[in-house]
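Q: Could we go through this structure together, one part at a time?

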Amino acid sequence: RARALLGLDARDELYDAYLLRYPRGSGVPAHVDAAAADGHVHVRVNAIVVAAEAGGVLAIDGAVVDLDVGDAVVFRPDVDVHEVSVVDEGARVVFSVGALVRAATTGD
């Protein structure tokens with residue numbers, strides 16, 4: 001399902017999948033991720049498995065992305081500045097699937 005959201009086809013082999021756990025006190029500072037391959041762009045879908053009780057909020061290009069358990073967001077981490085605020089209570093768990101796809105297939 002994540003591969004379909006990312007628009008991957010049988011030719012796209014450069015993808016990854018992670019289950020990320022952000023315990024209390026953790027977060028990710030604002031950054032971008034390199035595409036890391038000529039002629040490709042980086043696309044990613046992040047789905048919330050467990051929401052933090054407080055904190056652990058995703059922001060993309062400075063805009064808060066309000067996600068509940070089961071919600072997902074598709075974005076371009078190679079061009080979108082993204083961050084996760086510090087988890088104040090509980091933990092945040094995210095299923096994240098990313099891919100390097102041919103630039104021509106994304107319209108970029």
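Q: Where is aspartate 61 found?
A: Aspartate 61 is found in the loop between S5 and S6, where strands (E, at least two residues) and helices (H or I, at least four) are DSSP runs numbered from the N terminus. The phi of aspartate 61 is near 50°, a positive value in a residue other than glycine. This is a predicted model, in which local features need pLDDT of at least 70 and side-chain atom pairs count only at pLDDT 80 or more, while totals for chains, interfaces and linings use all residues. Residues are numbered from 1 along each chain as its sequence is written, and side-chain values use heavy atoms, with hydrogens and water left out.

Q: Ok, and in what order do S5 and S6 sit in their sheet?
A: The order of that open sheet is S2-S8-S5-S6, with antiparallel pairing, and two strands pair if DSSP finds at least two bridges between them. S2 and strand S6 (63–65) are at the edges with a single partner strand each, so one side of each has no neighbour in the sheet.

Q: How many bridges are there between S5 and S8?
A: Strand S5 (residues 58–60) pairs with S8 over 3 bridges in the antiparallel sense, and leucine 58 stands opposite valine 84 in S8.

Q: What about the sheet with S1 in it, which strands are at its edges?
A: That open sheet has 4 strands in the order S1-S10-S3-S7, and its pairing is antiparallel. Its edge strands are strand S1 (15–22) and strand S7 (72–75), each of which pairs on one side only.

Q: Which residue is the bridge partner of arginine 44?
A: The partner is phenylalanine 75 in S7, and 4 bridges join S7 to strand S3 (residues 40–50), the two running antiparallel.

Q: Switching topic, what volume does the largest pocket have?
A: Its volume is about 210 Å³, taken as the space filled by probe spheres set on grid points that are joined across faces, edges and corners. A pocket is an open set of points on a 1 Å grid over the protein atoms alone, where a 1.4 Å probe fits, with protein on both sides within 12 Å along at least five of seven lines, and lining residues have an atom within 4 Å of a point.

Q: Which lining residues are closest to its centre?
A: Of the 15 lining residues, Leu20, Tyr22, His31, Asn46 and His82 are the closest to the centre of the largest pocket. S8 gives the largest share of the lining, 3 residues.
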